[in-house]
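Subject: Handing over a structure

Hello,

I am passing a structure on to you, and I hope you enjoy looking through it. Please open it first, and then read on for what turned up.

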Amino acid sequence: MKAVVLRLTALGAIDGSRAIRRLSMRIDADDRRQALRSTVLSIAFDGELTVWAPVGEFFGVGYYPVATGTWYTRAVQDDVMSAWWVMPFERNCTITLTNYGEQPVEISKAAAVSGKRQGGG
């Protein structure tokens with residue numbers, strides 16, 4: 001999947017009692033550092049906005065595209081950023097990117113992997 005984010009782009013919606021287990025994407029722009037700060041990832045679970053973060057912060061690289069890895073995140077320099085936060089929801093989930101910057105931002109290799117929700121709720 002490739003998407004050019006000029007202002008607001010819905011990456012996807014997932015219905016049912018599920019959980020996001022991995023979220024990945026690559027972000028490209030003329031000024032990638034600025035794009036990591038000004039492109040915001042929003043995730044709403046069951047109609048409630050619970051994630052609102054610049055993509056660089058969400059994936060643990062800040063505004064500098066570096067290779068890094070933690071227990072929950074990994075980024076390959078100038079390539080794909082991934083996060084393994086387990087994010088359960090009961091009814092639905094909507095993932096949105098908003099570009100607050102002045103330049104077009106291209107999102108590619110985007111994936112949200114979900115599985116069955118485990119446990120009670």
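Which residues have the most contacts inside the largest nonpolar core? They are Met 25, Leu 41, Ile 43 and Phe 58, in a core of 28 residues. Strand β3 gives the largest share of this core, with four residues. As background, nonpolar side chains in soluble globular proteins tend to be buried together. Please keep in mind as you read that this is a predicted model.

The chain has two helices and eleven strands, and their order along the sequence is β-β-β-α-β-β-α-β-β-β-β-β-β. The chain has 121 residues, and 43% of them count as buried. Among contacts with a separation of 6 or more, 74% are between residues 24 or more positions apart.

Next, the strand pairing around β3, which covers residues 18–28. How many bridges does β3 make with β11? There are nine, and the two strands pair in the antiparallel sense, with β11 covering residues 105–116. One of the pairs to look for is Asp 28 with its bridge partner Glu 106 in β11. β3 also runs antiparallel to β8, with three bridges joining them; here Ser 24 has Ser 82 as its bridge partner. Strand β9 (residues 87–89) is likewise antiparallel to β3 and joined to it by three bridges, and Ala 19 has Pro 88 as its bridge partner there.

Now to the charged side chains. Side chains of opposite charge can pair when their charged atoms come close. How many salt bridges does a search of the whole structure find? The search finds two, and Arg 26, Asp 28 and Asp 79 are linked by them in a network. In the pair of Asp 28 and Arg 26, the closest N and O atoms are 2.7 Å apart. Arg 26 is buried, because its relative accessible area of 19% is under the 20% cut-off. Asp 28, at 23% relative accessibility, counts as partly exposed.

The other salt bridge joins the side chains of Asp 79 and Arg 26, at 3.0 Å from N to O. Asp 79 sits in the loop between β7 and β8 while Arg 26 is in strand β3, so this pair ties together parts that are 53 residues apart in sequence. Asp 79 is partly exposed too, with a relative accessibility of 23%.

Val 76 is partly exposed, at 41% relative accessible area. From C-alpha to C-alpha, Val 76 is 6.8 Å from Val 66, although the two are ten residues apart in sequence.

Is Trp 71 buried or exposed? Trp 71 is exposed, because its relative accessible area of 74% is over the 50% cut-off. You will find Trp 71 in the loop between β6 (68–69) and β7.

One last stop is Asp 46, in the loop between β4 (39–45) and β5 (48–54). Most residues other than glycine have a negative phi. Asp 46 has a positive phi, near 50°. The relative accessible area of Asp 46 is 23%, so this residue is partly exposed.

Methods. Residues numbered from 1 in each chain as written. Predicted model: local features only at pLDDT ≥ 70, side-chain atom pairs only at ≥ 80, totals over all residues. Heavy atoms only, no water. Buried < 20%, exposed > 50% of the residue type's maximum accessible area, 1.4 Å probe, protein only. Salt bridge = Lys/Arg side-chain N within 4 Å of Asp/Glu carboxyl O. Contact = heavy atoms within 4.5 Å. Core = buried A, V, L, I, M, F, W, Y, C linked by side-chain atoms within 4.5 Å. Pairing = 2+ DSSP bridges.
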